[in-house]
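Please read this briefing alongside the sequence and the coordinates.

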Amino acid sequence: MNKYPFKEVGASVYAWDMHDESVEAVLDNLEGMAHVNSVYLVALMHEERHPWPENTDFLHNPARKEYMTEDSVAYWHVDAHNYGRIVPAEPRNFLKGTDWLALLVKEARQRNMKVGMEFSHTLIDGKRLEHELADVCQIDIFGKPLTVTHIGENHRVPCMNHPDFREYAKNLYTDVVTNYDIDYVLNCIMPYPSPATYLLAEYDREHQPLTRIVASILTSGCFCPSCQARAKAMGFNLEAIRRSLLVLVEEDRQEPGFDKTNMSLMELLMKYPDIQKWFQFKCASVASFHREISECVHKIRPGIDNRLNMYVTSHPEYAGFWGKALAPAFDSVRICCYTENLGIKDAAEKKRRVIRSVQKSFGKDMELISAIGVLPGATPDSIRDGLQVSSECGVSSIALGHYDGASFDMLKTVGAYVGNIWKHDEN
Ligand SMILES: [Zn+2]
């Protein structure tokens, strides 16, 4: 039996954790309570109220009860010379002036821990996308800027096929992999918005496919000149696809819910074959974006672990995620499924289904890391079940999310489980 059934017990850390509690205290807690041996900084973070996702207060932060993150600022030292047109923004509040990534790397190395960093969903703040970077934004099927609603406001979304955005993403990776002694970079970038997910979740796979597809067309797809050019190079005619999808949207508008007459997915695809081409183009765009990043980082450091955070675990193809196409770009995949926190029946079986579907989609050779929710919504039983299912599915590692909102009791539950297995294996 493998001495370490989970070779990596990882945990995410934020800059405000280190500011408010000190980097030493944070790592003492993670190591001492949960046997964490790998930490990563969410070093470019989207706007979000924390603790996330629960509407509770921080349990162990001595300085604040909650925190609203600044939108897409870099928690490392940014040198504009390393960038082209787009340079990452820096913090403007109490977190400015410190290289939080350097601080975490130094402390983790002293403890012989693995260390990494994460680029979260958004790489550019919404305000700049409204103004100086408006030309890099996604364009919807009607020719207007595509927006998503986040924390009550509409935000524009950069297009991954725009050359300036692609260069920016590669520069971000080049910067951190060149200048920091990190073992892995976690990619949680959201290439296409997936606001339709909440709609998708209400329908199971085989029912009302049209409703799901129309929701996706209206909320998650780009038809800008850069996408047109990329599509052409890939052998797609995006303008012809756009016109065909518009007919579908118009039919749905005139007769809302006309698919409720038991139209099968196959019937729909026979009637509108461009739906499939559009999904293929979205998935090919996302895969090519990640492949370019992968080539870039592996050229700088061949041994770096380019890791995908698989944040969309339900209908990932709607967000442009197609495992088989993405697998060559990644060395490992973190399955972002926090069923432990949900307090639902059959949570562990849900987790098993999600892990199995990612395994199937990315292939048996992909190294998998199972995320474990350690927030107050979790219970010792739900944590043990989540760990047990992860172990049974054969994932190589686990990753706890997120330290700032974690309950210490839950961290200790993880530590007891991992420690028991290690002790058992030593005997
Ligand atoms: Zn585009």
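The structure is a predicted model. Cis peptide bonds occur from His50 to Pro51 and from Gly401 to His402.

**Second largest pocket**

- The second largest pocket has a volume of about 210 Å³, and 15 residues line this pocket, with Glu47, Asp71, Lys127, Glu153 and His155 lying nearest its centre.
- Helix H4 (126-130) and strand S8 (153-156) each contribute at least two residues to the lining of the second largest pocket.
- Arg128 is also found in helix H4, and Arg128 counts as buried because its relative accessibility is 15%, which is under the 20% cut-off.
- Leaving out residues up to four places away in sequence, Arg128 touches Ile86, Val87, Pro88, Ala89, Leu133 and Ala134.

**Helix H7**

- Helix H7 (residues 209-219) is largely enclosed by the rest of the structure, since 8 of its 11 residues are buried.
- The buried residues of H7 are Pro209, Leu210, Arg212, Ile213, Val214, Ala215, Ser216 and Ile217.

**Backbone features**

- Most residues other than glycine have a negative phi, and most peptide bonds are trans.
- The peptide bond joining His50 and Pro51 is cis, with omega about 5°, and Pro51 is placed in the loop between strand S3 (49-50) and strand S4 (67-68).
- The peptide bond from Gly401 to His402 is also cis, with omega near -15°, and His402 lies in the loop between strand S13 (397-401) and helix H15 (408-426).
- Ser22, in the loop between helix H1 (15-21) and helix H2 (23-34), has a positive phi near 85° although this residue is not a glycine, and Ser22 counts as partly exposed at 27% relative accessibility.
- His35, in the loop between H2 and strand S2 (38-45), likewise has a positive phi, of about 55°, without being a glycine, and His35 is partly exposed with a relative accessible area of 31%.

**Individual residues and their surroundings**

- Leu375 is placed in the loop between strand S12 (367-373) and helix H14 (380-392), and Leu375 counts as buried because its relative accessibility is 3%.
- Leaving out residues up to four places away in sequence, Leu375 touches Trp52, Pro53, Glu54, Asn341, Gly401, His402, Gly405, Ala406 and Met410, and among these contacts are Gly401 and His402, the two residues joined by a cis peptide bond.
- Leu375 and Tyr338 are 37 residues apart in sequence, and their C-alpha atoms are 9.3 Å apart in space.
- Gly386 lies in helix H14 and counts as buried at 3% relative accessibility.
- Beyond its neighbours within four places in sequence, Gly386 is in contact with Glu340, Lys351 and Ile372, and the C-alpha atoms of Gly386 and Lys351, which are 35 residues apart along the chain, are separated by 7.2 Å.
- Lys7 is placed in the segment before strand S1 (8-13) and is partly exposed, with a relative accessible area of 47%.
- Beyond its neighbours within four places in sequence, Lys7 is in contact with Asn37, Glu367, Ser396 and Ser397, whereas the C-alpha atoms of Lys7 and Gln228, 221 residues apart along the chain, are separated by 44 Å.

Key:
Residues are numbered from 1 along each chain as its sequence is written. This is a predicted model: local features need pLDDT of at least 70, side-chain atom pairs count only at pLDDT 80 or more; totals for chains, interfaces and linings use all residues. Side-chain values use heavy atoms; hydrogens and water are left out. On a 1 Å grid over the protein atoms alone, a cavity is a set of points where a 1.4 Å probe fits but cannot get out, and a pocket is an open set with protein on both sides within 12 Å along at least five of seven lines; lining residues have an atom within 4 Å of a point. Grid points are joined across faces, edges and corners, and a volume is the space filled by probe spheres set on the points. Helices (H or I, at least four residues) and strands (E, at least two) are DSSP runs, numbered from the N terminus. Buried means under 20% relative accessible area, exposed over 50%, partly exposed in between (1.4 Å probe, protein chains only). Contact means heavy atoms within 4.5 Å.
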